[in-house]
Amino acid sequence: MNANKALWEKGDFTRLAATIRDSGEELVDTLGIREGMDVLDLGCGDGTTALPEAERGANVLGVDIASNLVAAGRARAAAAGLDNVRFQEGDASDLRDLADESFDLVVSIFGAMFAPRPVDVAREMVRVTRPAGRIVMGNWIPGDPTLVAQILKISASYTPPPPEGFVSPVTWGIRQEVEKRFAAASVDPFAIDCQRATYTFRYPGPPEDFVALFRNYYGPTMNAFEAATANGQEDELLAELNQLFIEQNKGGAARTEIPATYLKVTVQL
Ligand SMILES: C[S@@+](CC[C@H](N)C(=O)[O-])C[C@H]1O[C@@H](n2cnc3c(N)ncnc32)[C@H](O)[C@@H]1O
């Protein structure tokens, strides 16, 4: 069994993705997409950034490890009448189906960071990017006080320790790690720009209902609740998450708006 694939197929990330569509659009506006550009969106989910990339004229390939999200991406593209975005299943740490130097831009927003073997991920992203092309990653930052880093931290504290050799996804949010991984793919650190940026989650209900969405549909939180329930700690986990979401909410009592900080990594080849 591929635990990485099972984790993301377990839930239904489309339910969470619905709360970040505006941020996806805003991010894509910063990417300098031009008509006819070849774009790979890696760990694309149901196309939060892949669809806006296609709407701006790029030829987009979305690759994701979760078959349910690939299907959801195809359905969203068809509903939007887009014929310049395709979705296929694949693993960011092994893109064997994709030819060398075949994309002008590789985008991975909170996607490739979840793949195992980060050095392989960096190498594969560099391999499929054309000379003078770009790679843009969005990565959650370990220890950051904002929403997603804290959800992952709280979830991990209720879940059994990962297998030996497991590299935490949020290490992609540390500049030195990013540089080391790309250096192994022969990328000069001067070609890498790292900036803090914000993604905002918007949910049309109170924060406690938004927590329920994570509990029911977000793989890492679902696993944490399963482990917490087995240990009789379900109420503690729920209380911790409710407190986090309420504290971070800027949307008032009836709706939720939570900004979360991430590391935006741009690699210019
Ligand atoms: C937090 S979601 C982000 C999805 C999308 N980029 C978005 O912004 O809505 C993480 C995504 O990464 C995908 N993923 C996780 N591990 C992967 C891997 N090894 N290769 C490709 N995709 C992966 C998951 O299936 C999921 O769709």
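Is F103 buried or exposed? Before selecting this residue, please note that the model is a predicted one. F103 is buried, because 25 other C-beta atoms lie within 10 Å and 20 or more is the criterion for that class.

**Stop 1: F103 and its surroundings**

Select strand β4, residues 103–109, to which F103 belongs. Next, display the residues that F103 touches, leaving aside those up to four places away in sequence: D38, V39, L40, V128, T129, R130 and G133. F103 and N4 are 99 residues apart along the chain, and their C-alpha atoms are separated by 25 Å.

**Stop 2: V126 in helix α6**

Move to V126, which has its place in helix α6. V126 is buried, with 21 other C-beta atoms within 10 Å. Residues up to four places away in sequence not counted, V126 touches A185, V187 and L269. A distance may also be drawn from V126 to V106: the two are 20 residues apart in sequence, and 8.7 Å lies between their C-alpha atoms.

**Stop 3: the buried side of helix α8**

Select residues 175–183, which form helix α8, and colour V178, E179, R181 and F182; these four are buried. Where do they sit around the axis of α8? They are on the same side of α8, because they cover an arc of only 165° around the axis.

**Stop 4**

Two packed helices are described by the angle between their axes and the distance between the axes. Select helix α7 (residues 147–158) together with helix α11 (residues 234–248): they pack at an angle of about 170°, and their axes are 11 Å apart. The angle makes α7 roughly antiparallel to α11, since angles over 145 degrees count as such. To view the contact, show L147, Q150, I154 and Y158 on α7, and L237, E240, L241, L244 and Q248 on α11. Classified by residue type, this contact of α7 with α11 comprises six nonpolar, two polar and one charged residues.

**Stop 5: the ligand**

Finally, centre the view on the ligand. How many residues surround the ligand? There are 22, and the closest are W8, G43, G45, T48 and A115. Colouring the shell around the ligand by class gives twelve nonpolar, eight polar and two charged residues.

Terms used
Residues numbered from 1 in each chain as written. Predicted model: local features only at pLDDT ≥ 70, side-chain atom pairs only at ≥ 80, totals over all residues. Near = placed C-beta within 6 Å. Nonpolar A, V, L, I, M, F, W, Y, C, P; charged D, E, K, R; others polar. Axes fitted to C-alpha atoms, helices over the stretch in contact; angles between N-to-C directions. Helix = DSSP H or I, 4+ residues; strand = E, 2+ residues; numbered from the N terminus. Parallel < 35°, antiparallel > 145°, perpendicular 65-115°, else oblique. Contact = placed C-beta atoms within 7 Å. Buried ≥ 20, exposed ≤ 12 C-beta atoms within 10 Å, placed from the backbone. Arc of directions from axis to C-beta.
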